[in-house]
2 protein chains.
Amino acid sequence: MSEKAYKIFFGTLNNKNRLKIINLLRKGTKCVHDISAELKFNQTTVSHNLKRLLHCGFVFVENKGKHRYYSLNKKTIKPLMGLIDRHMHHFCEKIAKGER
Amino acid sequence: MSEKAYKIFFGTLNNKNRLKIINLLRKGTKCVHDISAELKFNQTTVSHNLKRLLHCGFVFVENKGKHRYYSLNKKTIKPLMGLIDRHMHHFCEKIAKGER
DNA sequence: ATAATATATGCTTATTATAACATATGTCAG
DNA sequence: CTGACATATGTTATAATAAGCATATATTAT
């Protein structure tokens, strides 16, 4: 796997707001307006972040009238989150010590 | 899992040099000097990055005389890389279109 | 105790990424 | 066709991050 691919993958995931969007979408498909309202994010911020999530296949879109419904790529997200949970469970003491 | 935990996890992985270090360590345990020499990185850069990898449990250290040998936490790294490879395999067309 | 080698850490600068404004585009209702 | 709503995009100021210098600490040999 290329260096660039890793960068895209982790770079996309390494963002507070995008992670919040991902976690919101885990509950179900939502349109931009709903995401914006529920997370209290600016609409442009949501759109920009969805664009990036879309670009690397973490989410999918479907047009329905004037709305665009975004859904999660659960095939990737689910095992990914499970992996993190397992890792954190074993290394939480170290992690808990600080931010860095 | 906390927002902070995700940030630490992805933030640590989202770095060219740290990923190179990880990929180098996949081949086996190495000391700072070896990593520095093989990747042509400044020694301080290597130490700073190893510190961060160590802090979140991606690598382990063992002291041997004046050397410190770093090894990968394969329990996490192996499935993680596998996951990325699988994801990229399915979404490479989209990824290949650009950097962002 | 001193020199030599290996590694770590504090700090500053340069790079990169993010958020949000302003605005553009798209879709539907009337 | 116009207005209203939904979403997207270009741009930029700000904030987060990284790299490397200078230096500190640790270990070993003499």
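**Around DNA strand D**

A:Tyr70 puts a polar side-chain atom 2.6 Å from a phosphate oxygen of DNA strand D. Keep in mind that this is a predicted model, where local features need pLDDT of at least 70, side-chain atom pairs count only at pLDDT 80 or more, and totals for chains, interfaces and linings use all residues. Residues are numbered from 1 along each chain as its sequence is written, chains are lettered from A in the order written, and side-chain values use heavy atoms, without hydrogens or water.

The surface near the strand (a heavy atom within 4 Å) splits into three nonpolar, 14 polar and seven charged residues, with Gly counted as polar, Ala, Val, Leu, Ile, Met, Phe, Trp, Tyr, Cys and Pro as nonpolar, and Asp, Glu, Lys and Arg as charged.

Now for the protein–protein side. Chains B and A each bring 40 residues to their contact (heavy atoms within 4.5 Å). Together they bury about 4100 Å², 67% of it on carbon and sulfur atoms; that is accessible area (1.4 Å probe) lost on being put together, summed over both. On the chain B side, B:Tyr6, B:Phe10 and B:His55 lose the most area to chain A, together 16% of what that side buries.

There are four salt bridges between the two chains (a side-chain nitrogen of Lys or Arg within 4 Å of a carboxyl oxygen of Asp or Glu). One of them pairs B:Glu3 with A:Lys16, their closest N and O atoms 3.7 Å apart.

Key:
Buried area is the accessible area (1.4 Å probe) that two parts lose on being put together, summed over both. A polar contact is a pair of N or O atoms within 3.5 Å; within protein, one must be able to donate a hydrogen and the other to accept it, and residues adjacent in sequence count only if both atoms are side-chain atoms.
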